[in-house]
Amino acid sequence: MSNLHVIDHPLVQHKMAMLRDKNLGTKDFRDLVNEITVFLGYEVTRDLPQEEVEIETPMGKAKQKMITGKKLAIAPILRAGLGMVDGMLRLIPAARVGHIGMYRDHETLEPQEYFFKMPTDISERQVIVVDPMLATGGSAMMAIDSLVKRGVDPEHIKFVCLVSCPEGVKALEEAYPQIDIYTAALDEGLNEDSYIVPGLGDAGDRLFGTL
């Protein structure tokens, strides 16, 4: 059974169409990434555990549900994942933020980790890993490997991206079948340079204006 969740809400798809446009400027690209991430975050947090509490309203007492269970952490894969952090924090402002630095070796096309910094209690948190693209799946798997080595249970990790492809989804599902993947688009596949087609180009370059 697949753990892939493609968010096909009309507003998400409308904003994704705008995001893909090669003529979109850096500021508008960054703003759209944040907006789409809010929608994705809404779905990612849909199954958070709740407990019933009693609240005193101006008119009397009310029984209401509040979030309980593990605290949350957001783990962006640098550098492009940074563009999705603010959108997540708009929904869950109390979440801690860690960072996982990755770069792709242009000869081997394999990811290399160069930085890892997480909250000290990361093993006790539900972790949402964010990266705009799920291409080969290499960076996602290496980032999750790093979290697992620090004591995070894969059952408590979710992966969120804007654009995915069958190759990346398959690789991540085979490595970590218990992890849910949330994406706004499942594209055709990878080209010879392991970029997603049609994709949206290099998300990091478009986010930070380094084209």
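You're looking at a predicted model, so local features need pLDDT of at least 70, side-chain atom pairs count only at pLDDT 80 or more, and totals for chains, interfaces and linings use all residues. Residues are numbered from 1 along each chain as its sequence is written, and side-chain values use heavy atoms, with hydrogens and water left out.

**Pockets**

- A pocket is an open set of points on a 1 Å grid over the protein atoms alone, where a 1.4 Å probe fits and protein lies on both sides within 12 Å along at least five of seven lines; a cavity is a set where the probe fits but cannot get out, and lining residues have an atom within 4 Å of a point.
- The largest pocket has a volume of about 660 Å³, where volume means the space filled by probe spheres set on the points, with grid points joined across faces, edges and corners.
- Its lining is made of 28 residues, and Arg104, Asp131, Ser139, Tyr195 and Asp202 are the ones nearest the centre of the largest pocket.
- At least two lining residues each come from β4 (72-78), β6 (99-104), β9 (133-134), α4 (138-149) and α6 (203-208); helices (H or I, at least four residues) and strands (E, at least two) are DSSP runs, numbered from the N terminus.
- Sort the lining of the largest pocket by type and you get 15 nonpolar, eight polar and five charged residues; Ala, Val, Leu, Ile, Met, Phe, Trp, Tyr, Cys and Pro count as nonpolar, Asp, Glu, Lys and Arg as charged, and the others, Gly among them, as polar.
- The second largest pocket holds about 230 Å³ of space, and among the residues lining it are Leu48, Ile67, Gly69 and Arg125.
- For the second largest pocket, the lining splits into seven nonpolar, one polar and three charged residues.

**Salt bridges**

- Side chains of opposite charge can pair when their charged atoms come close.
- The whole structure has nine salt bridges, each one a side-chain nitrogen of Lys or Arg within 4 Å of a carboxyl oxygen of Asp or Glu.
- One of them joins lysine 27 to aspartate 31, at 2.7 Å from N to O; both sit in helix α2 (residues 26-44), four residues apart, about one turn of the helix.
- Lysine 27 counts as exposed because its relative accessibility is 56%, while aspartate 31, at 30%, counts as partly exposed (buried is under 20% relative accessible area, exposed over 50%, partly exposed in between, with a 1.4 Å probe and protein chains only).
- Glutamate 174 and lysine 170 also pair up, at 2.7 Å from N to O, and both lie in helix α5 (residues 166-175), again four residues apart, about one turn of the helix.
- Glutamate 54 and lysine 61 meet in a salt bridge at 4.0 Å, N to O; glutamate 54 is exposed at 52%, and lysine 61 is exposed at 62%.

**Surface and interior**

- Tyr103, Tyr114 and Phe115 make up a nonpolar patch on the surface, with about 340 Å² of accessible area together.
- Phenylalanine 115 belongs to strand β7 (residues 111-117) and is partly exposed, with 39% relative accessibility.
- Patches use residues with over 30% relative accessible area and no salt bridge, joining like charges within 9 Å and nonpolar side chains (Val, Leu, Ile, Met, Phe, Trp, Tyr) within 5 Å; accessible areas come from the Shrake-Rupley method with a 1.4 Å probe, and for residues only the protein chains shown count as cover.
- Glycine 98, in the loop between β5 (96-97) and β6, is buried, with a relative accessible area of 0%.
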